Amino acid sequence: NVMTLKGIDIRNMLVDENGKLLILDPGKMTYRPAMEDLARFIMTCEIIYWGSFWFFFQFPLNHRLVEATMDGYGDLDSSEIELFRVYRLKETLKHWKAARIALSLKVWPGIFRWIVAGIYIDPFYRARALRRLEELEI
């Protein structure tokens with residue numbers, strides 16, 4: 001296990017003019033499995049443009065960022081890699097559910113919520129969930 005910030009999100013990390021890292025709303029510190037921590041951070045990288053116009057362009061995840069992050073965890077054995085894949089699926093499903101809940105709380109007309117779910121939320125998360133299942137060979 002590693003010390004982690006439960007609410008860590010790359011979108012809430014800023015660097016000030018002196019190069020100091022500022023983390024907004026990091027959540028509570030807790031010990032969690034390292035692969036869960038890694039999967040959570042990678043998921044926030046995947047949704048970095050969520051809620052913005054740029055999200056529609058579906059920019060691919062920056063592989064240099066992923067590699068640099070994973071390098072911080074050292075060499076992973078096959079069981080750690082498999083566990084990481086499981087946690088990535090969990091994070092994808094968790095974020096998908098959170099997005100659908102957030103949408104349901106909007107006071108928008110039902111047809112508009114249906115359209116947003118159908119063209120914005122579900123295609124994004126479905127594609128990632130299917131990719132995670134393929135990685136797990138399920």
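**Chat: a loop residue, then the helices**

Me: Where does D25 lie?

Reply: D25 lies in the loop between strand 3 (21-23) and strand 4 (29-32). Helices (H or I, at least four residues) and strands (E, at least two) are DSSP runs, numbered from the N terminus.

Me: What am I looking at, and how is it numbered?

Reply: This is a predicted model, with residues numbered from 1 along each chain as its sequence is written. Local features need pLDDT of at least 70, side-chain atom pairs count only at pLDDT 80 or more, totals for chains, interfaces and linings use all residues, and side-chain values use heavy atoms, leaving out hydrogens and water.

Me: Back to D25. What is its phi?

Reply: Positive, at about 45 degrees, although D25 is not a glycine.

Me: Is D25 buried or exposed?

Reply: D25 counts as exposed, because its relative accessibility is 63%. The cut-offs are under 20% relative accessible area for buried, over 50% for exposed and partly exposed in between (1.4 Å probe, protein chains only).

Me: Zoom out. How many helices and strands are there in the chain?

Reply: The chain has 4 helices and 4 strands. Along the sequence they run β-β-β-β-α-α-α-α.

Me: What box do the C-alpha atoms fill?

Reply: Roughly 50 × 45 × 30 Å, along the principal axes. The chain has 138 residues, and 32% of them count as buried.

Me: Now the helices. At what angle do helix 1 and helix 3 cross?

Reply: Roughly 50 degrees, and the axes come within 8 Å. Helix 1 is residues 34-46 and helix 3 is residues 78-104. Axes are lines fitted to C-alpha atoms, for helices over the stretch in contact, and angles run from 0 to 180 degrees between N-to-C directions.

Me: What does that make helix 1 relative to helix 3?

Reply: Oblique. Under 35 degrees is roughly parallel, over 145 roughly antiparallel, 65 to 115 roughly perpendicular, and the rest oblique.

Me: Which residues make the contact?

Reply: From helix 1, they include M35, L38, I42 and E46. From helix 3, they include L83, F84, Y87 and R88. By class, the contact has 8 nonpolar, 2 polar and 8 charged residues. Ala, Val, Leu, Ile, Met, Phe, Trp, Tyr, Cys and Pro count as nonpolar, Asp, Glu, Lys and Arg as charged, and the others, Gly among them, as polar.

Me: How do helix 3 and helix 4 pack?

Reply: At an angle of about 170 degrees, with axes 9 Å apart. Helix 4 covers residues 110-135. The two are therefore roughly antiparallel. W96 of helix 3 and Y125 of helix 4 are among the contact residues.

Me: E46 came up. Buried or exposed?

Reply: E46 is buried, with a relative accessible area of 12%. A polar contact of 3.3 Å joins its side chain to that of R128. A polar contact is a pair of N or O atoms within 3.5 Å; within protein, one must be able to donate a hydrogen and the other to accept it, and residues adjacent in sequence count only if both atoms are side-chain atoms.

Me: What else does E46 contact?

Reply: Beyond four places in sequence, E46 is in contact with L61, R88, F124, R128 and R132.

Me: And T44, where is that found?

Reply: In helix 1. T44 is buried, at 1% relative accessible area. Its side chain reaches the backbone oxygen of F41 at 2.8 Å.

Methods:
Contact = heavy atoms within 4.5 Å.
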